[in-house]
Amino acid sequence: MDISVVLGCSLGAALGAGILASYKLGLLYQLFHKTERQSPRHGGESVAEVLRAHGIKFVFTLVGGHISPILVACEKLGIRIVDTRHEATAVFAADAVARLSGTVGVAAVTAGPGLTNTVTAVKNAQMAESPLLLIGGAAATLLQGRGALQDIDQMSLFKPLCKFCASVRTVREIVPTVRKALAVAQSGTPGPVFIEFPIDTLYPYHVVEKEFAPKNTPKGLMGKIIAWYLRNHLSNLFAGAWETRDLSPLPVHIPHATEDEVQRCVELVSRAKKPVILLGSQATLPPTPADDVRKALESLGIPCFLGGMSRGMLGKNSPLHIRQNRRDALKDADLVLLAGTVCDFRLSYGRVLNRRSKIIAVNRDRSQLLKNSDMFWKPTVAIQGDAGSFLVRLSKALKGHRCPEEWPRSLKEGDAVKEKANRSKADEKTERHLNPLSVLHRVDELLAEDSIIVADGGDFVGSAAYIMRPRGPLRWLDPGAFGTLGVGGGFALGAKLCRPESEVWIVYGDGSLGYSVAEFDTFTRHKTPVIALVGNDACWSQISREQVPMLGSNVACGLAFTDYHIVADGYGGKGYLTGREDESQLDDIIKKAQKECREGKAILLNVLIGKTNFREGSISV
């Protein structure tokens, strides 16, 4: 081969390698972008500026040195920093804000164990389809994988849980990365996103420089190369950091039904004699206001079963809201509209649907849209799109048409019979303590019209779902399909901050209370008074009611009638112990709790309850 060809190839390869190395080391970027070594600014300010530009009002946190610059900068820009007693609570609170405000909820936690403590809450947000930004600290860029304090592979941990994960490598990446994350969280099927910020991307140049500076003058060629590499890395870290960048929100992409799909559904609904709507949490998502969805449902006149966040969509006593006998209604229905509802365990994987019924399924997520359709059910029309806007469009296209009135009337009559029977169970005396059904009925009757109900528990909360009636849209918060215990403190905190005028109730089981009772300290410090109703039966009853008859043992299910009201007192709240001897004064105790809550005190009602057979046969697995 000609030597000139060989030399040319070698020089070309060397030149290519040199350009690649220059790019990797940031040398090319530094030729055109200045490193402002005297600037006192830091990366935390860039994070805060993007959050403010996106209308973020709260950042929930448990403080750590890795993230301090973000928290300080947010506070200076008027974003309220709310610190909790556990990182999971911070994420649960951000989740609640996302659900109630229509914006992205934001939580910031420190590296390592701070982030691992959030995993359950992040998974819950993923399954509940809540748009949430988790900000995590991380070891310095050059120290990752070298045994730095709290350094783990955080990206691998969160990639299965989040729609988008990013590790910021330079200060100039902060603004575009946060903007993208916030848009991704809200687009398509909403969900959590994660950004890790190595500590050297958040502190000012002069602080980071001290950590990079060699302790002694470098000696020898290798020492000088290492010193140059460190200086260059530092310079590249801050190159172009403070150039003006667009902070505004990026477009959010939401799937919608096509005109042809809507028209096909119009034809199906107009011919149906016994249609039913099963409304799921997706129907409450932006951009369609919940009140517009409510009006659309009322215009259609179709009986509705409401689940998840859609509870309360039709108010307290709507003739269209059917609460009981769902299985029988689905058996008789000739058309079923699954509006954001999934055929998972909650619908017996689709087995409760009548195979002769026409089925319209609408869901933003294709995998959820068709879940178990290969086995137990088949959609007549499957639409990957937003449920709320679909219902509004369907209602407009069917203007003047209403479901035959005898159908919802007959279902409502069945409701009344079942609820009368349930009410009679509330009048029965339990072997000891108070009847939990009676307690829940009395609380429901005294709820303020602006109340928000947070559900956190098993057996007691399962009963509450049948008895308590949210007064309007977005006034019920439960964990969702993941069935997570421990959401109570965080959900209530987020709800009270979003709706400070509302009366916020947490319905706790005594088991679930243990996860977040320490947040009474948070309620006190941040002046977010709520009322916790604790059904204390000294037992993990949802498990016990199956375990004992099936396996003959109550092992690990027993608790104690603990003085949780005293715990609340210790955290600065006000606790009340209520038992059978207080039954005649129960209404007065509830009203007193409501009054003290309005005056700024977080309240815990420790209600001793007995056993009933109300939920026999309910599932716990």
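The questions and answers below go through terms used for this predicted model and the values behind them.

Residues are numbered from 1 along each chain as its sequence is written, and side-chain values use heavy atoms, with hydrogens and water left out. Because the model is predicted, local features need pLDDT of at least 70 and side-chain atom pairs count only at pLDDT 80 or more, while totals for chains, interfaces and linings use all residues.

Q: Why is I226 called partly exposed?
A: Buried means under 20% relative accessible area, exposed means over 50%, and partly exposed is in between (1.4 Å probe, protein chains only). I226 has 45% relative accessibility, so I226 counts as partly exposed. I226 is placed in helix α11, residues 220-238; helices (H or I, at least four residues) and strands (E, at least two) are DSSP runs, numbered from the N terminus.

Q: What makes L221, M222, I225 and I226 a patch?
A: Patches are made of residues with over 30% relative accessible area and no salt bridge; like charges are joined within 9 Å, and nonpolar side chains (Val, Leu, Ile, Met, Phe, Trp, Tyr) within 5 Å. L221, M222, I225 and I226 form a nonpolar patch on the surface, with about 430 Å² of accessible area together. Accessible areas come from the Shrake-Rupley method with a 1.4 Å probe, and for residues only the protein chains shown count as cover.

Q: How do you know that the buried residues of α10 line one face of the helix?
A: The buried residues in α10 (residues 205-212) are Y205, V208 and F212. Seen down the axis of α10, they fall within an arc of 70°, so they line one face. The arc is that of the directions from the helix axis to the C-beta atoms. On the other side of α10, K210 and E211 are exposed. The cover over the buried residues of α10 includes α11.

Q: Why is the pair E259 and R393 called a salt bridge?
A: A salt bridge is a side-chain nitrogen of Lys or Arg within 4 Å of a carboxyl oxygen of Asp or Glu. For E259 and R393 the N to O distance is 3.2 Å, so the pair meets the definition. E259 lies in helix α12 (residues 259-271) and R393 in helix α16 (residues 387-397), so the pair ties together parts that are 134 residues apart in sequence. E259, at 59% relative accessibility, counts as exposed, whereas R393, at 24%, counts as partly exposed. A search of the whole structure finds 23 salt bridges.

Q: What makes α16 largely enclosed by the rest of the structure?
A: Of the 11 residues of α16, 8 are buried, so the helix is largely enclosed. Among them are F390, L391, V392 and L394. What covers the buried residues of α16 includes α12, α13, β7 (275-279) and β9 (335-339).

Q: Where do E298 and R294 lie?
A: Both are in helix α13 (residues 290-300), 4 residues apart, about one turn of the helix.

Q: Why does the salt bridge between K611 and D537 tie together parts of the chain?
A: The closest N and O atoms of K611 and D537 are 3.6 Å apart. K611 lies in the segment after β17 (603-608) and D537 in the loop between β15 (531-536) and α23 (541-551), so the pair joins parts that are 74 residues apart in sequence. D537 is buried, because its relative accessible area is 9%. Elsewhere, salt bridges that share partners join D83, R85, D521 and R525 into one network.

Q: Why is V63 called exposed?
A: V63 has a relative accessible area of 55%, so V63 is exposed. The place of V63 is the loop between β1 (58-62) and α4 (68-76). Leaving aside neighbours within four places in sequence, V63 is in contact (heavy atoms within 4.5 Å) with S68 and L71.

Q: Why is E129 called buried?
A: E129 has a relative accessible area of 11%, so E129 is buried. E129 lies in the loop between α7 (119-128) and β4 (132-138). Although not a glycine, E129 has a positive phi of about 60°.
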